[in-house]
Amino acid sequence: MVRISLTFGALASFIAYSIVSAKTIYTGDILSGHKVVTRLDIDDIPENSITKLWLRTTHTNVGQRLHVPLLVAKGCNPGNRLLLNSGIHGDELNGIRTVQRVIKDIDLSKLNGLNVNGMYNNRREYVNRYESDILTDMNREFPGKISNRLASQKFVRMIWDGVFSNNSFTAAVDMHTDTSDNELPNFVYADLTIPYVYRMTELTGADVIKIDLGSGTLGAIENILDYDGVPSITLELGKSKTWQKDQIQRGYDYVFRQMADLKMYPPTDDPLVIKAYEEYKAKSYYGNEYGSTSSTNGGFVELHVKNLDVVTTETKAATVYNVFGDVMEIIYPKFDGVITSFNHYPLNEPGVDIILTIHNSTDPMCVNGKPVKRARTLFSDVVKGNDPQCLTNEVQNSYPADYPRANNQHRLKKILAGKKGNLTDMSMYKEVSIKHMLFGGEMTCLKKFCTGGSDMKVGCSWAQFKGNHIDALEVIFSALKDVSYIRQDDHRAGTTYMIFNSIKDASNLMSMKLVYNDKPIDLYQTVKIEEDITVVNIPNFRDVGIEPMAKLILKELGPWCEIKDISAWRRFDNNQYLPYGIKVLVKKNNMEVDLPSFLDHENGKINIFYKGCKEACSYCKEARHWKSQCHKIKKNQIKKNARESMQKLKFSFYSSNVEAPPVSAAPQTDVSNSVITKAQPSTKPVEKSKIINDTEVSTNDEAATAKQGTVGLKKPLASSLNTAVMPPSSN
């Protein structure tokens, strides 16, 4: 089914999965003529109808309940589920009108599934009276916590449990505008490590897409839904405190394109809408780093640039005047790139962000990086294929080989050579059992754990089809046209199961050679989850061969447990294995005894992870701490910071005529016909902020220089911990 929902959001540091089986819970109250619920289950909503509800949340300080309005449009046929969220920040209004129009114009007879919308028209931040009226950004609090003393945490948790977590959405869009007094173009935040998210960014036709590769803001609705298995984006529609018809129309058209891509609604045949989308899409700019330039001095700001202007570090972006009209400061962009946000309110205090510039950084912190590692592997994660120690098959498949990471309308066909990153097409690989390397015999079919697993339950992961699983599944269903079976779609795990009446029918399907897009379709049989089974993850073993690795596992783990099976990633067409992602299913001899934290071999130690494993650092290979607390890394970072500080001090003594090095020497794609042209590297010195007409300001270098910080950013820039290779800087 399809669902679209507008709600208010917040930040939290973890996700607790809610019970999926809960039904809609009505309070029995009527508010403004509509029923009140504390939990919404879409399956309870009548077909071919539009239903208006109120979601009851926490109390205010006078004991009155807060309510979130929900709109539910349900068609006559089942289908995917799309969640639209809007109104999380009360002054960001374009998304609210976008969803209102979508609900009004949907033809229920054409809708395959269900459409839910909810809006919370609140002030920008939640006021926690308990904490002396402290203001809380709700889009930093999800999924919240009922037992937390702050009402904001309770509020978002009731939204999370009441709507977000218990309805198995297929995809989600969280609609915003820029923060107060600032204006964005049509802009998207997207974590491209999440399956299907890149396709969603294409469908938006946005002016600018900020690439977040595992480094988004925790607690934001988009990122928490991503972590919960729902591909999500944040769609920014212009500026706050107004309804912009052009931005609303672009958001409206995108929603219908999104529904069409999910097979929920027929695609538009309006030539003007199609033409506009193609023109917007051709100009979309994908950038991996942005930075703001703030004013050192308070005063009146006159802007000289606008959104989507191509700038360099020498571009005069704004001038700051004092009350007498004297020039206090000249504002310059932080780096060569494209203007993606500006402050349109002229009166500003010191430190307020004036402009935001985005570009494609070649800095290692933005280009490279490693996957985020959690302290321990949860059994439920492994069952769902969400291994935290390495990129999953679903994540690997979410990287299209030619997605446009440059700042022009052309697609890059080649990833920058010589850089680290995920260059492997995981659709060419499948998980296979390598137990035969230890005990002899033929390679057996790998069976995977799942709830209610059996030899009569066959699974097919959507990840192998790169977003085209609906068409690919039709190949399987066509082959089963004469067989009776139950179809079961697990949206959270991204898998379709087929439950047969007999083992013979399941075995016949497993023996079929089914192909989609010239690649074999990977099917697997399932087994029931056993509580005493432990899943051991080995994220990296790059210096050891596959057979020696299997023997090392037996040698190191054999004395402690019984090895049930070992899986590894192998190419479909040959015996090439990948040096990461091994899983070992073991049954401990004694459940009270811990397994080792490392596998010892002649070239060093190999980290292993499992549920309940003790702390062990993958960097220094020592126990009793995780890598995030490693003292060796901290010492190295201190030394690095000291070296950089010395370099900066030395540079400050150089002549101001010294030329700045170019940002990138890599060859650039010709974009002479692009509306947004590539910014050119600077070959002139970057000027200091100017102090004119003897206006009295500090002579300190830091105060006299145009500061370039992140104060007031809608999403603060975070170092990417889970990135893929980026193309050279467009500067």
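I started with charges over rings. Arg101 lies over the face of Tyr252, 4.2 Å from the ring centre. I count a charge as over a ring if NZ of Lys or CZ of Arg is within 6 Å of the ring centre and within 35 degrees of the ring normal. Lys457 does this too: its charged end sits over the ring of Tyr497, at 4.6 Å from the centre.

Ground rules for these entries. This is a predicted model, in which local features need pLDDT of at least 70 and side-chain atom pairs count only at pLDDT 80 or more, while totals for chains, interfaces and linings use all residues. Residues are numbered from 1 along each chain as its sequence is written, and side-chain values use heavy atoms, with hydrogens and water left out.

Next, ring on ring. I found 10 aromatic pairs in the structure. Rings of Phe, Tyr and Trp (its six-membered ring) pair if their centres lie within 6.5 Å; planes under 30 degrees apart are stacked, over 60 edge-to-face, and the rest tilted. Phe142 and Phe164 count as stacked because their centres are 5.7 Å apart and their planes are at 25°. This pair links distant parts of the chain, 22 residues apart: Phe142 is in the loop between strand S8 (134-136) and helix H2 (151-164), and Phe164 is in H2. Helices (H or I, at least four residues) and strands (E, at least two) are DSSP runs, numbered from the N terminus. Both Phe142 and Phe164 are buried. Buried means under 20% relative accessible area, exposed over 50%, and partly exposed in between (1.4 Å probe, protein chains only). Ring pairs also join Trp160 with Phe142 and Phe164 in a cluster.

I then checked Tyr485 and Phe500. Their pair is tilted, with 5.7 Å centre to centre and 40° between the planes. Tyr485 lies in strand S25 (residues 485-490) and Phe500 in strand S26 (residues 495-500), so the pair ties together parts 15 residues apart in sequence. Buried or partly exposed, for Tyr485? Tyr485 is partly exposed, at 24% relative accessibility. Phe500 is buried, at 4%.

Helix H11 (residues 469-479) came next. Its buried residues are His469, Ala472, Leu473, Ile476 and Phe477. They cover an arc of only 150° around the axis, so they sit on the same side of H11. The arc is taken from the directions from the helix axis to the C-beta atoms. What covers these buried residues of H11? The cover includes strand S24 (457-461), S25, S26, helix H12 (503-511) and strand S27 (515-516). Contact here means heavy atoms within 4.5 Å.

I followed S24 from there. In S24, 5 of the 5 residues are buried, so the strand is largely enclosed by the rest of the structure. Lys457, Gly459 and Ser461 point one way from S24, Val458 and Cys460 the other way. Two strands pair if DSSP finds at least two bridges between them. S24 pairs with S26 in the antiparallel sense over 5 bridges, and Ser461 has Thr495 as its bridge partner in S26. S24 also pairs antiparallel with strand S29 (residues 524-528), over 2 bridges. There, Gly459 stands opposite Tyr524.

Last entry: strand S31 (residues 561-571). Of its 11 residues, 9 are buried, so S31 is largely enclosed by the rest of the structure. Strand S22 (residues 429-433) pairs with S31 in the antiparallel sense over 5 bridges; Glu431 has Trp569 of S31 as its bridge partner. S31 and strand S32 (residues 582-588) are antiparallel too, over 6 bridges. Asp565 has Leu585 of S32 as its bridge partner.
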